[in-house]
Amino acid sequence: MNPLHPDILIVGGGMGGVSAALSSLRNGATVVLTEEYPWLGGQLTSQAVPLDEHTWIEETGATASYRQLRDGIREYYRRWYPLTEAARAQVHLNPGAGLVSAICHEPRVAVAVLEGMLAPYRSSGRLKVLQPAVPVAATTDGDRVVSVTVELREDGSRQTIEPKYVIDATELGDVLPLVGAEYVTGFESQSDTGEPSAPAEAQPDNQQAFSWCFVLDHVDGDHTIDKPANYDAWSKVQPDFWGAPMISLTAPDPRSLTPYARTFSPGMDDDVLASRADQRASGGDNELWKFRRIAARKLFVPGAYESDIVLVNWPMIDYLGGTLPDNPDAATHLQASREQSLAMFYWLQTEAPRPDGGTGWPGLRLRGDVTGTTDGLAQAPYIRESRRIRALTTVREQDLSVAVRGHGKPAQWDDSVGVGMYRIDLHPTTGGDNYLDIASAPFEIPLGALIPQRLRNLLPAGKNIGTTHITNGAFRLHPVEWNIGESAGALAAHCIAAGTEPHAVHADSTQRADFQRHLTRQGVQLHWPDIVGY
């Protein structure tokens with residue numbers, strides 16, 4: 001195939017990739033977008049994890065286009081789903097009445113909304129999507145990326161793209177090694193970052209767990225799956241700090257680190273209209289049935305749903321056996337993660353304690369029709385940590401931590417290109433670390449964290465920006481990743497239109513201010529009001 005020559009190539013169609021594409025296109029660029037899995041949306045769709053957001057999301061702390069996505073999800077339900085009148089009247093409709101987010105929803109709805117947002121650009125011919133496709137090679141000339149080649153999974157053919165700018169929006173920063181970018185993985189050393197929670201020596205293979213999520217419901221009948229081949233081995237896995245086997249209802253509390261048993265009550269009859277997600281108070285996972293519930297049957301007319309629908313993205317399926325970036329055994333770890341998740345599901349069906357004193361919930365079903373798979377698991381693993389560029393600016397623990405800073409007022413940068421807020425939330429790691437969950441200030445996203453130290457036409461658009469192992473824990477969720485991608489796409493398009501480069505925009509105060517005004521006009525919030533983090 002002949003090479004393609006768009007203005008901008010975006011590799012990876014997750015939250016950051018889609019927002020980068022929309023931003024680039026709004027600013028007049030032509031775009032090729034590639035994605036590994038059948039659905040665009042990444043953690044929101046193929047990984048099956050609904051929006052995970054800060055407390056003030058309904059009022060402040062997001063870009064205009066992110067609000068368009070959120071509003072679109074709610075409007076999709078109001079238009080197409082048989083909601084009760086009480087549910088339909090809720091301004092802040094939460095279809096799942098879950099506790100992790102103000103909008104817990106089925107992944108297919110987000111797919112439809114994202115595709116709708118991109119549809120005009122596909123029709124105009126300014127956006128070409130290659131899917132499913134993965135990057136396999138690249139060429140460079142000095143400090144510039146010349147081309148990236150992707151392999152189309154359907155037939156194994158290869159397509160080379162020769163853009164003016166490359167945006168790496170993959171979940172693991174997969175473009176970085178292909179183009180020779182300088183990057184880090186895992187835990188940086190304290191001498192490198194000055195972070196009080198960092199180890200004395202760097203630990204590149206010590207990374208946050210990833211998880212292979214799945215979706216279930218509970219109906220009449222026996223839907224018990226075949227006993228997974230390695231079930232007995234998985235049922236014995238117990239990290240020193242866990243307090244019980246991982247395949248159970250017990251896990252450490254992320255904030256106190258004290259292990260305790262959660263409850264699990266399929267079919268519970270709670271007040272779904274009164275459900276409120278507020279992560280200031282707690283993580284919301286005391287009752288696992290409603291923690292990440294994505295469809296609450298009582299919000300829909302009687303008979304529309306046999307059962308609530310629940311996403312399982314729980315501590316018990318955090319995979320601690322190995323890492324993915326730059327690991328020749330990555331495929332083995334991916335398969336093992338799937339086995340762990342199926343072991344957890346089988347335990348729920350056969351051994352989980354019930355309130356009546358019995359064990360097992362055989363009426364639990366895997367809902368592959370919800371995730372778009374035949375086995376009921378998500379299409380893709382839920383990734384919490386990526387390769388990270390060595391950037392002009394690295395956001396460190398002492399920039400965000402309320403304890404280190406002595407206050408929770410917003411963390412500010414002169415070169416802000418957006419805002420975000422989440423606790424510094426690190427899941428247990430492959431190196432044997434327990435949770436690290438630290439109160440964080442609301443933060444601005446510095447432009448310097450989006451610019452590699454050396455390469456001139458490569459930008460990150462996800463968990464691969466200039467954070468550390470620690471601060472990635474605050475930057476890795478949906479609204480921040482969307483903002484990062486939106487600003488990266490706008491920056492690439494701005495540089496093409498203005499005949500400049502990202503390094504020049506960052507270094508020149510006049511150019512930087514001009515770009516920031518441009519972002520503001522497009523609905524990117526650059527600063528927080530006077531609020532305090534948690």
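This is a predicted model: local features need pLDDT of at least 70, side-chain atom pairs count only at pLDDT 80 or more; totals for chains, interfaces and linings use all residues.

Colleague: Which strands make up the open sheet, and in what order?

Modeller: There are four, in the order β13-β14-β10-β16, with antiparallel pairing. β13 (293-295) and β16 (364-366) are the edge strands; each has a single partner strand, so one side of each is left without a neighbour in the sheet. On average, neighbouring strands of this sheet are turned by 35° against each other, direction ignored. For such angles, axes are lines fitted to C-alpha atoms (for helices over the stretch in contact), and angles between N-to-C directions run from 0 to 180 degrees.

Colleague: Which strands does β7 pair with in the parallel sense?

Modeller: β7 and strand β1 (residues 8-11) are parallel, over four bridges, and Val11 stands opposite Asp168. β7 also runs parallel to strand β22 (residues 458-460), with three bridges; there, Ile167 is opposite Leu459.

Colleague: Are the faces of β7 covered or open?

Modeller: First the general idea: in a regular strand the side chains alternate between the two faces of the sheet. Buried means under 20% relative accessible area, exposed over 50%, and partly exposed in between (1.4 Å probe, protein chains only). In β7 (residues 165-168), Tyr165 and Ile167 on one side and Val166 and Asp168 on the other are all buried, so both faces are covered.

Colleague: How do I check a helix's length?

Modeller: The expected span is 1.5 Å times one less than its number of residues. Helix α1 (residues 15-26) has twelve residues and should span 16 Å; its end C-alpha atoms are 17 Å apart, which agrees.

Colleague: How many residues of α1 are buried?

Modeller: Eleven of its twelve, including Met15, Val18 and Leu22. Just after α1, Gly28 takes a positive phi of about 95°. The buried residues of α2 include Leu69, Ile73 and Tyr77, and what covers the buried ones includes α1, α4 (107-124), β13 and α14.

Colleague: Which residues have the most contacts inside the largest nonpolar core?

Modeller: A nonpolar core is a set of buried Ala, Val, Leu, Ile, Met, Phe, Trp, Tyr and Cys residues joined through side-chain atoms within 4.5 Å. The largest has 132 residues, and those with the most contacts inside it are Leu69, Trp314, Leu348 and Phe475. α14 gives the most to this core, with nine residues. Another core, of 20 residues, lies apart from it and has Leu130, Val150, Val166 and Leu176 among its members.

Colleague: What is Leu348 in contact with?

Modeller: Contact means heavy atoms within 4.5 Å. Leaving aside neighbours within four places in sequence, the partners of Leu348 include Leu216, Phe264, Trp314 and Trp361.

Colleague: And how many salt bridges are there?

Modeller: The rule is a side-chain nitrogen of Lys or Arg within 4 Å of a carboxyl oxygen of Asp or Glu, and the count comes to 38. One of them joins Glu115 and Arg122 at 3.0 Å, N to O; Glu115 is partly exposed at 25% relative accessible area, and Arg122 is partly exposed at 33%.

Colleague: Are Glu481 and Lys463 buried or exposed?

Modeller: Both are buried. Their side chains meet in a salt bridge at 3.3 Å, N to O. This pair links distant parts of the chain, 18 residues apart: Glu481 sits in helix α14 (residues 478-498), and Lys463 in the loop between β22 and α13 (472-475). Salt bridges can also share partners, and that joins Asp217, Glu306, Arg365, Arg367 and Asp369 into one network.

Definitions and conventions
Residues are numbered from 1 along each chain as its sequence is written. Side-chain values use heavy atoms; hydrogens and water are left out. Helices (H or I, at least four residues) and strands (E, at least two) are DSSP runs, numbered from the N terminus. Two strands pair if DSSP finds at least two bridges between them.
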